[in-house]
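I opened my notebook to work through this one piece by piece. Here is what I looked up, in the order I looked.

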Amino acid sequence: MHSRRNIALAVLLFCATALTGELIIRGFKVPTYIFPAPSQVAIALWRGFASGVYQKNLLHTLLETLLGFLLGAGLGFLVGTAVALNRYVEHFLYPYIVMFQSVPKVALAPLVVVWFGLGLKAQVVNAALVASFPVLVNTIVGLKSADEDRINLVRSLGASKNQVFWMLRVPNALPFVMAGVDVAMVFALIGAIVAEFVGAEAGLGMLIQSMNFNMDIAGQFSVLLILSILGLLLNRCIHLIRRRVLFWDPSEKERLERQEVTI
Amino acid sequence: MTHLKDLFGITRLARAFRTPEAPIRERASSLTVSVNELSKHYSSREGSICALQQISFSVSQGEFVAFVGPSGCGKSTLLKILAGLLPSSQGEACLWGIPITGPRHDIGVVFQSPVLLPWRTVLENVLLPIDVQRQNRDRYVKEARELLSLVGLEGFENRYPWELSGGMQQRVAITRALMHDPAMLLMDEPFGALDAMTREQMNLELQRIWLERKNTVLFITHSIPEAVFLADRVFVMAPRPGRIIETLKVNLPRPRGLDAMSSPEFWANVDSIRSQFNAKAVVGA
């Protein structure tokens, strides 16, 4: 489906949509502070990048998202493993996890900022907090879902508990963990942006906040555009990793086939 | 580090101590498997359920025995105990005179489904026992390749299980069980999930492999013709409680081809087993 003709068509469709938007907004004289015309968003985008403001803040947000993601996913995996493996940990910790899960994690952002300040630390911690849960929950489910036949097989070969874990449970849990990681990446970005809203010295979220105070709606739209592209790219990265790691997973193969059909 | 250790023969020495089967194989008689008054009870809400009641039998080296019986007769429980996956309630099962108390390296198991790990290639699946025993893969790759060509899977070493048909997957499972030349090969309805045509083909294949390797095989099935076709001896089992009600010696010449299945002797054997079930009203319900 990635033929040259289709790419040309996609570009053409994008241009036509932008042009239509431009004409409608100009024709109906929609004020800029309500909804800016695509050309105004493009100008804001150009101005932001030309002055270097966007690059600096984009890098900041990217850094805190990635750090938060790594920290959160790693923590989620470790705690999830502990819960799945140890009955006592499960018994005493799991109720709190379930309780904590129902709290909208972004609601903790003001607290996190109070504890960690306006710097990078607070945003990373908030991103990690939000990102850790999907990985945590999926790791628990994944590690517990190992097929009885497979466990019997590996045990019949004389495998120790440790070996059953590394040779069977972990690879078996990977499809679940990767599904959690997929969500965690998006969540990390959300966590970082929300922390920036609450209070930060740099970042795209901080930029949106300050533009909002100045009624710079076109600027906000341009930052939203950057954010959506950033989210898309991060998601793509995870999908690439996932495809490499889970080449053997039937649902992954199905997804690939589906994509071939639908795109 | 492993090279250094090998230099001093430490790994070899350690392995000699770890696997006791080698010297025992020499001094033992031709009796490989002996099971004495083996019972298994499960406790449930309605009280104790007797899955196996005082099972006793023995198998000589290189013999192919089949267990046949309706579902619920404890065939699979028996296999799990023999594989060391389940403790028995009373009695004991011995392999080369040593009671089976847990999984052992000299027992190969083939389950009803192939149970291959999808993230491993065919070759890596076959080498799984080697990995579990933390031995050097390189030494066994040759053996694994030879075994794979024995079961007719030459050229499929680097494929993944999902690229193979059901019959081929089960061949991989058999190859994996044959690694290390097990003293006892346990097979739990290995061809039950295959279609009738593939099943016949696999029976022929299994006979060929067995004639070549002469491993001791304990084969569980609920198909009487399959049991008669493959086995030297057939143990007929009945449920509630699971027990052996009859032992039948099959005296058909080997190798048995598919034409053996149409011979009167073959059907005489099948009929005598079937009459056992009917006489004792085993499959009545």
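**Entry 1: the six-stranded sheet**

I started with an open sheet in chain B, where six strands come in the order 6-7-8-3-9-10 with mixed pairing. Before going on I noted that this is a predicted model, where local features need pLDDT of at least 70, side-chain atom pairs count only at pLDDT 80 or more, and totals for chains, interfaces and linings use all residues. For the labels, residues are numbered from 1 along each chain as its sequence is written, while chains are lettered from A and ligands numbered from 1 in the order in which they are written.

My strands (E, at least two residues) and helices (H or I, at least four) are DSSP runs, numbered from the N terminus. I call two strands paired if DSSP finds at least two bridges between them. A reminder to myself: strands of a sheet pair through backbone hydrogen bonds, either parallel or antiparallel.

Which strands stand at the edges? I found strand 6 (107–110) and strand 10 (243–249) of chain B there; each has a single partner strand, so one side of each is left without a neighbour in the sheet. Neighbouring strands of this sheet are turned by 20 degrees against each other on average, direction ignored. For such angles, axes are lines fitted to C-alpha atoms (for helices over the stretch in contact), and angles run from 0 to 180 degrees between N-to-C directions.

**Entry 2: strand 8 of chain B**

Next I zoomed in on strand 8. Strand 7 (residues 184–188) of chain B pairs with strand 8 (residues 216–221) of chain B in the parallel sense, over five bridges. On the other pairing I checked, strand 3 of chain B runs parallel to strand 8 of chain B and is joined to it by five bridges.

B:Leu186 stands opposite B:Leu218.

How many residues of strand 8 of chain B are buried? I got six of its six, where buried means 20 or more other C-beta atoms (placed from the backbone) within 10 Å of a residue's own, exposed means 12 or fewer, and partly exposed is in between. Both faces are covered, with B:Thr216, B:Leu218 and B:Ile220 on one side and B:Val217, B:Phe219 and B:Thr221 on the other. Over the 285 residues of chain B, 38% count as buried.

I also traced the link between the two strands: strand 7, helix 9 (residues 196–213) and strand 8 of chain B make a right-handed β-α-β unit. Right-handed means that, with the strands pointing away from the viewer, the path from the first strand over the helix to the second runs clockwise.

Chain B has another open sheet, with four strands in the order 2-1-4-5 and antiparallel pairing. Its edge strands are strand 2 (47–60) and strand 5 (98–99) of chain B, each pairing on one side only. Strand 1 (residues 31–44) and strand 4 (residues 90–95) of chain B run antiparallel and are joined by five bridges. There, B:Ser34 has B:Cys94 as its bridge partner.

Helix 4 of chain B lies across strands 1, 2 and 4 of chain B, at about 65 degrees to strand 2. Lying across goes by contacts, with two residues in contact if their C-beta atoms, placed from the backbone, lie within 7 Å. Helix 4 (residues 75–82) of chain B is mostly covered, with six of its eight residues buried; B:Leu78 and B:Ile81 are among them. After helix 4 of chain B comes B:Gly84, with a positive phi near 80 degrees.

The contact takes 14 residues from domain 1 of chain B and eleven residues from domain 2 of chain B. Helix 9 of chain B gives the most to the domain 1 side, with seven residues.

Last, I looked between the chains: 15 residues of chain A are in contact with 18 residues of chain B. Helix 7 of chain A gives the most to the chain A side, with seven residues.
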